[in-house]
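I opened this notebook to record what I looked up in the structure shown below. The entries follow the order in which I took up each topic.

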Amino acid sequence: MEPAVLGLTIRWSLVGAPEGVEEELASFVAETSHARFTGMAGLRWKTWRMVRGEWFEGSYVFATSEAREEFQRTFTEGAAESPGSRMIGSSPILVEACDIVAVAEGWDGFTAAPRV
């Protein structure tokens, strides 16, 4: 039985990245990337995460294995030229499919926003 929630993590190292890249990445997400993924067919949700000076990642959750496999394949083929790779100056250090075991929505609810 296929899991109902299929994840994908794409992570870049920020070690040795240009100074100010964290703000550049946050601005890119707010101004461009958020809109690209909002309403994307086959995608349940995407979260952008970062630990300044350490790593930046996209955490994706797909509705079907086909949607995840197609996105992973096309992303991997062009990973070195992706906007994140160009800003950071290197390709991702991790592209990993995973199963999401459970999701809980807290009392305060879920907020979809280009910048928090």
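**Entry 1: Aromatic rings**

I looked up Tyr-60 and Phe-62 and noted that both are buried; buried means under 20% relative accessible area, exposed over 50% and partly exposed in between, with a 1.4 Å probe and protein chains only. I note that this is a predicted model, in which local features need pLDDT of at least 70 and side-chain atom pairs count only at pLDDT 80 or more, while totals for chains, interfaces and linings use all residues. Residues are numbered from 1 along each chain as its sequence is written, and side-chain values use heavy atoms, with hydrogens and water left out.

I then turned to ring pairs: rings of Phe, Tyr and Trp (its six-membered ring) pair if their centres lie within 6.5 Å, and planes under 30 degrees apart count as stacked, over 60 as edge-to-face and the rest as tilted. By this rule I record 9 aromatic pairs. Trp-12 and Phe-56 form a tilted pair, at 5.9 Å centre to centre and with 40° between the planes. Trp-12 belongs to strand S1 and Phe-56 to strand S3, so this pair ties together parts that are 44 residues apart in sequence. Trp-12 counts as buried at 5% relative accessibility, and Phe-56 counts as buried at 7%. The rings of Tyr-60 and Phe-62 are stacked, because their centres are 6.0 Å apart and their planes stand at 10°. Ring pairs link Trp-12, Phe-37, Trp-48, Phe-56, Tyr-60, Phe-62, Phe-71 and Phe-75 into a cluster.

**Entry 2: The sheet**

I took helices (H or I, at least four residues) and strands (E, at least two) as DSSP runs, numbered from the N terminus. Two strands pair if DSSP finds at least two bridges between them. The open sheet has 4 strands in the order S2-S3-S1-S4, with antiparallel pairing. S2 and S4 are the edge strands, each pairing on one side only.

How many bridges join strand S1 (residues 6-13) to S3? I found 8, and the two strands run antiparallel. Strand S2 (residues 43-51) is also joined to S3 by 8 bridges, again antiparallel. In S3, Trp-55 is the bridge partner of Ser-13 and of Val-51. In the hairpin of S2 and S3, with 3 residues between the strands, Gly-53 takes a positive phi near 75°. For strand S3 (residues 55-62) I noted that 7 of its 8 residues are buried, so the strand is largely enclosed by the rest of the structure.

S1 and S4 are joined by 6 bridges and run antiparallel. Leu-6 stands opposite Asp-99 in S4.

**Entry 3: Helix H2**

I checked the length of helix H2 (residues 65-77): at 1.5 Å a residue its 13 residues should span 18 Å, and its end C-alpha atoms are 18 Å apart, which agrees. The expected span is 1.5 Å times one less than the number of residues.

Which residues of H2 are buried? They are Ser-65, Ala-67, Arg-68, Phe-71 and Phe-75. Seen down the axis of H2, the buried residues fall within an arc of 160°, so they line one face of the helix; the arc is that of the directions from the helix axis to the C-beta atoms. The face turned away from this buried side carries the exposed residues Glu-66 and Glu-77. The buried residues of H2 pack against S1, helix H1 (21-37), S3 and strand S4 (94-99), where contact means heavy atoms within 4.5 Å.
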